[in-house]
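Visitor: I would like to learn how to read a few features of a model. Please take them one at a time, with the general idea before the case.

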Amino acid sequence: MITVDDYIQATFEKFQEAGIFFGHGTDNALDEAVYLVFATLGLDYDDGAAGSRRLSSAEIETLNTRRLDRIESRTPMAYLVGEAWFGGRRFLADSRALIPRSPIAELLIEKSLPFLDREPESILDLCCGGGCIGITAALEFDGACVDLADLSAEALELARENVTLHGLGREIRTLQSDLFDSIHSSYDLILSNPPYVPAEEVAELPAEYGHEPELGLLSDDEGLAIPLRILREAPNYLRDRGLLVLEVGHSHLQLSERLAGVPLLWLDFAYGGEGVLAITREDLLLYRESFV
Ligand SMILES: C[S@@+](CC[C@H](N)C(=O)[O-])C[C@H]1O[C@@H](n2cnc3c(N)ncnc32)[C@H](O)[C@@H]1O
C-alpha cells in the first residue's frame, strides 16, 4: 500500500538526486513533489487528511510517467499537470505560453499600485501570454474593462480558456497585436511582463526553459529592445495620470544604467521577485527622448 505521503517522500528524494531546476512555480524538491501529486490527483491543498489517502495502481502509473518526464526531459511541472498558480488562483498552463511567475501578482492582490490616485477602470495586459496578469487584475478591480494583448495566437487561445475558467466575459477582450500596433484604446493602467532576456542568456538557461516558447523570453539589445519600445509608446495609450507597470527582471541593471536620468520607481516585493518598475504617463512623456 502506497499513500500520498509515501509517494511525495519518494519523489522528493528522486527530484533531489536528479538535480532538476526549480523556478517555474516552486523553489525546492519537496514543493515540486507535492505539486506533482496534488495537481495530478486533483487534491485540495487545504485537505489535512490527503496525505494518508491510498493510491491506486492507475494513479501510481500516471504519477510515475510524469515524474520520469520531469526528470528525464526536464519538462516543467506546470506543463506536465496542465496548471499553475498565480496570486492564489489556478490557471491552465501549457506550452502555448510561458508559465505564470510574475511578481506583478502581488501588486494586484495587495492593490499597491504607486502613483495611481484612482481605482483603474480600464487596464491593458500587454504581452499577456496565458492571461494570468490581466485576469487577476479583472478579478481584483471589479468592474474594470481589461484587454489582453499578445503577438502569439496560441498564447491568446490559452488566455481565452483562462478567461472562461475564471467566469469572466464581456469585461475582457483578447487582441492579437505586435506590442501596441493593433491597440486603439487608452487605459488607466498598463501592466506588462514582456520578453526581456538577451539571446546569450537564453542559450544558457536551464533545460526547463527550453520547453517554454522562445517568443516569450527573447528580446534583442541586452534584453531591452522590447521594454524600451513599450516605454516609448505607452504614453500614447495611457489616460491622464495613468500608470505603466513594467517587468524587466534581471535586465533591470542594464535598464537603470541606460536610463540613469529617468525617475524609474523600482518596486519591492514581500514574496520575492525584482525588476518591476512603475512610471506615470506624465514622466513617460517628459523623458520620451531617453527611451531609444
Ligand atoms: C514573458 S511572457 C509573459 C506572459 C505573461 N504576461 C506572464 O506573465 O506569464 C511574454 C509574452 O510576450 C509575448 N510577445 C513577445 N513579443 C511580442 C510582441 N512584439 N508583441 C506582443 N506580444 C509579444 C509572448 O508571446 C509572450 O506571451
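Guide: Start with burial: a residue is buried if 20 or more other C-beta atoms lie within 10 Å of its own, exposed if 12 or fewer, and partly exposed in between. The model here is predicted. By that count, the buried residues of helix 6 are Cys-132, Ile-133, Gly-134, Ile-135, Thr-136, Ala-137 and Ala-138.

Visitor: Next, helix packing. At what angle do helix 1 and helix 3 pack?

Guide: Angles under 35 degrees count as roughly parallel. Helix 1 (residues 4-18) and helix 3 (residues 57-72) pack at about 15°, and their axes are 10 Å apart. The two helices are therefore roughly parallel to each other. Their crossing is right-handed.

Visitor: Which residues make that contact?

Guide: Helix 1 contributes Tyr-7, Thr-11, Lys-14 and Ala-18, and helix 3 contributes Leu-63, Arg-67 and Ile-71. By class, the residues of this contact are 4 nonpolar, 1 polar and 2 charged.

Visitor: Why do the numbers in such a list step by three or four?

Guide: An α-helix has 3.6 residues a turn, so residues three or four places apart point the same way.

Visitor: How is helix 2 placed against helix 3?

Guide: Helix 2 (residues 29-41) packs against helix 3 at an angle of about 135°, with the axes 11 Å apart. That angle makes helix 2 oblique to helix 3. The crossing of this pair is right-handed. On the helix 2 side the contact is made by Leu-36, Val-37, Thr-40 and Leu-41, and on the helix 3 side by Glu-59, Thr-62, Leu-63, Arg-66 and Arg-67. These residues divide into 4 nonpolar, 2 polar and 3 charged.

Visitor: Now backbone angles. Which value does phi take at Asp-221?

Guide: Phi of Asp-221 is near 55°, a positive value in a residue other than glycine. Asp-221 sits in the loop between helix 8 (199-204) and helix 9 (225-233). It has 14 C-beta neighbours inside 10 Å, so Asp-221 counts as partly exposed.

Visitor: Where is Arg-241 found?

Guide: Arg-241 belongs to strand 7 (residues 238-247). Phi of Arg-241 is near 55°, again a positive value in a residue other than glycine. Because Arg-241 has 13 C-beta neighbours inside 10 Å, this residue counts as partly exposed.

Visitor: Last, the ligand. Which residues come nearest to it?

Guide: There are 21 residues around the ligand, and of these Cys-127, Gly-129, Leu-151, Ser-152 and Gly-216 come nearest. The shell divides into 13 nonpolar, 6 polar and 2 charged residues.

Technical notes. Residues are numbered from 1 along each chain as its sequence is written. This is a predicted model: local features need pLDDT of at least 70, side-chain atom pairs count only at pLDDT 80 or more; totals for chains, interfaces and linings use all residues. Axes are lines fitted to C-alpha atoms, for helices over the stretch in contact, and angles run from 0 to 180 degrees between N-to-C directions. Helices (H or I, at least four residues) and strands (E, at least two) are DSSP runs, numbered from the N terminus. Angles under 35 degrees count as roughly parallel, over 145 as roughly antiparallel, 65 to 115 as roughly perpendicular and the rest as oblique. A crossing is left-handed if the near helix is turned anticlockwise from the far one by less than a right angle, and right-handed if clockwise. Two residues are in contact if their C-beta atoms, placed from the backbone, lie within 7 Å. Ala, Val, Leu, Ile, Met, Phe, Trp, Tyr, Cys and Pro count as nonpolar, Asp, Glu, Lys and Arg as charged, and the others, Gly among them, as polar. A residue is near a molecule or strand if its C-beta atom, placed from the backbone, lies within 6 Å of it.
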